[in-house]
Number of protein chains: 2
Amino acid sequence: MTSSDNGPDQPWNQQRLRSSNERLLLERLRTAPASRAQLARETGLSKPTVSSALASLEAAGLVREAGHHTPERGRAAVLYTPDPAAGYALGIDIGRAWLRVALADLDGTVVARTDVRNKARSSAAMADLVVTTAHRLVAGSAVPPADVVHAVVGTPGVYDPEAHRVRYALHLPGWGRAGLFDRMRDELGVPLAVHNDANLAAVGEHAFGVGAGSRLFVYVMIGTGLGMGIVADGRPFTGASGAAGEIGFLPWNGREPDTLEDAVSGDAVVRAARALGMTGPLTAKSVFESARAGQAAAVTAVRQEGERLAHTVAAVAAVLDPELVVLGGGVGHSADLLLQTVGDTLRRLTPLRPKVAASALGEDAVLLGAVATALGTARDVVFAQRT
Amino acid sequence: MTSSDNGPDQPWNQQRLRSSNERLLLERLRTAPASRAQLARETGLSKPTVSSALASLEAAGLVREAGHHTPERGRAAVLYTPDPAAGYALGIDIGRAWLRVALADLDGTVVARTDVRNKARSSAAMADLVVTTAHRLVAGSAVPPADVVHAVVGTPGVYDPEAHRVRYALHLPGWGRAGLFDRMRDELGVPLAVHNDANLAAVGEHAFGVGAGSRLFVYVMIGTGLGMGIVADGRPFTGASGAAGEIGFLPWNGREPDTLEDAVSGDAVVRAARALGMTGPLTAKSVFESARAGQAAAVTAVRQEGERLAHTVAAVAAVLDPELVVLGGGVGHSADLLLQTVGDTLRRLTPLRPKVAASALGEDAVLLGAVATALGTARDVVFAQRT
DNA sequence: TGCTTAAGTTAAGTTCCTTTACTAACAGCG
DNA sequence: CGCTGTTAGTAAAGGAACTTAACTTAAGCA
């Protein structure tokens, strides 16, 4: 049989032991400042070990003193905290309409951010825009460019690191060209990882939004297209080929090869509204606003959207059994309008009923997911470099 | 943000270090016997460390000498191998028609096995049958009962360890009673874990069948009901409440609350055949045999089954993106008849096309999955006890 | 000022790993 | 038959990192 993976696959020696314990202390300090004695009690390490590890971490610039704490009785304790300025991470969201870039310190605090209207005509121009925007953001901040250790970019489609290109990015002409992201990486001068936007949105919502603390949850991204990100045990779940959550491809009406994407995306709401007699220059947003105002055709269109969404959620629940389903993306603003219908329909459809909630981060989910992901790598890199 | 889980969450000291390295050597030895020098080269540990760890393992009865190997030149090497008799594990499959029990040593070799016709009238009688059959199997083998360290039982439904009972076991009256498995555990006298049968079948197929080496695959179990097991990175993926893979609840025809289970299970094939004019005492197996013989109505019924199955697979592919889909369960014998239709339909439905294959283990998948799962725990337990 | 209490350090001792150097065993060969 | 080259395995010494136990430091308080 193939080995199930318990047990270590690396030999341990004293150096790894030390490094591991320093890491343990650093991670503990990220939750709150603490004294040596407190760390010893909480981690199970002895006081001398904590002292010595903390001295190493301080010498490496990874932690610093953070004031004192005077207990009820006895000597005052020196508190330590991670040094947020030990490194910085870049998060980048390449969206349909906006390019967003955020620079965060190792605490996860966003220290600089910019949102640029996406007017690029070609994929090459887009790539250039990403690089210059990122460079400008860092230059405009007080952060030394050399301290930016990692970047993560979110884009529609599935990045294939073997082929150095994005697949399935159907709406973006030229975006699937090989080498595009390699060039971006070179010009950016910072290690760059590419992830699917829905997956990043899920990570963002898990790190900073309503998904916090959930062991298994999904983020359904409804906008121009339809996508889903999955976070299991704190990590994105991407499937065998990176295509997990491509629910636009779900079969949905028994026979025809219509895509669910066409039936549930933001555009579908507009089409449904027109079919129901609404006229004029409609957008998904305007239809939802009309529905909110009680306009009958809009209400019906939104209800239909909710029902189809419920089918989607039911399918996801049957396969994955998530604890929580978060609705977000372009129509995220109006998720509250959909929740009722989705909930009601779900009750009719299946005994498996995950909680359904609206996104807490709105338009920022992808960007914050990119930041959170870059942050993870950045912390690893900084720790490895400085110790 | 909540911490992403890199970094250790336990302090390391010398004892854990030693234990971890012994574990590393033991796991390596499971792949093939090896000498101290070879282990040192392969693991990166030094020769003295390997010697000393191996001495501990031998003293603990976890490994033993296994002959010699004479290299091209130089001194002959003493080979070591895990002692398979250091402990034993029980796998139990409680199926509709058969109760199967297997006893395996730590190598995973089945040393005793029995298949008993399931004629129990009540859940209590069934529980008794399980216990007496297991006891009889162990008594009839040369294995000392005290050396059986763990058991895993597979059953339809989802075991809820909080409530001490099985949920969703709709076809088995009384099977959902609280405390049933607690009593079984007590009378068995061996720690007992309860898992869903489809999940175990997936684990079995991953450990011993066509799923070997697959990073992410699913096992679709088609029989009296319809279920699915998921194995991701070698571990079963059970979802937030243990209901992942309950694809019987997938919505499938747009509107009605028909369950997919009713449409795709073995019984559905029989119903379809009758609707197409077949008469007499039909079973799923007989319909498949008629189809194999070219009987028109049966062929049509099987094709319909294949098409519906393809829809199921397409849905699973869109959500999970597995590398491989294995078809098994009661109709597993006839999976070859379905593969063609499933493949063709899948090509029409979606660009996401996982490999689809027939189960290699047939009726034994659940049992072998239970063995593999029990084995994993048994190895941990034996290692912990003896060191 | 001295007592109590908790924080943090020092020193000794233990464990486990590595390096280096050695011994053991085997094969080919003069 | 012993010498040589090669590989396996052990012994001894040294070092890294942990723990325990005892000590020192610092704060509040009578």
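In chain B of this predicted model, helices H8(B) and H10(B) cross in a right-handed way. Let's start with that pair and then step back to the two chains.

**Two helices in chain B**

Two packed helices are described by the angle between their axes and the distance between the axes. Here the axes come within 9 Å and cross at roughly 135 degrees. An angle like that makes H8(B) oblique to H10(B). Here is where the two helices sit and which residues meet:

| Helix | Residues of chain B | Residues in the contact |
|---|---|---|
| H8(B) | 266–275 | Val269(B), Ala272(B), Ala273(B) |
| H10(B) | 296–320 | Ala301(B), Gln304(B), Glu305(B) |

What classes of residue make up the contact of H8(B) with H10(B)? There are four nonpolar residues, one polar and one charged.

**How the two chains relate**

Two copies of a chain are related by a rotation about an axis and a shift along it.

**An annotated stretch of chain A**

Which residues of chain A does UniProt list for "domain: HTH marR-type"? The unreviewed entry gives residues 25–65. In the model, that span of chain A is 68% helix and 7% strand, and its end C-alpha atoms lie 14 Å apart.

Definitions and conventions. Residues numbered from 1 in each chain as written. Chains lettered and ligands numbered in written order. Predicted model: local features only at pLDDT ≥ 70, side-chain atom pairs only at ≥ 80, totals over all residues. Heavy atoms only, no water. Axes fitted to C-alpha atoms, helices over the stretch in contact; angles between N-to-C directions. Helix = DSSP H or I, 4+ residues; strand = E, 2+ residues; numbered from the N terminus. Parallel < 35°, antiparallel > 145°, perpendicular 65-115°, else oblique. Left-handed = near helix turned anticlockwise from the far one by under 90°. Contact = heavy atoms within 4.5 Å. Nonpolar A, V, L, I, M, F, W, Y, C, P; charged D, E, K, R; others polar. UniProt positions renumbered as here; feature names shortened; annotations may be inferred.
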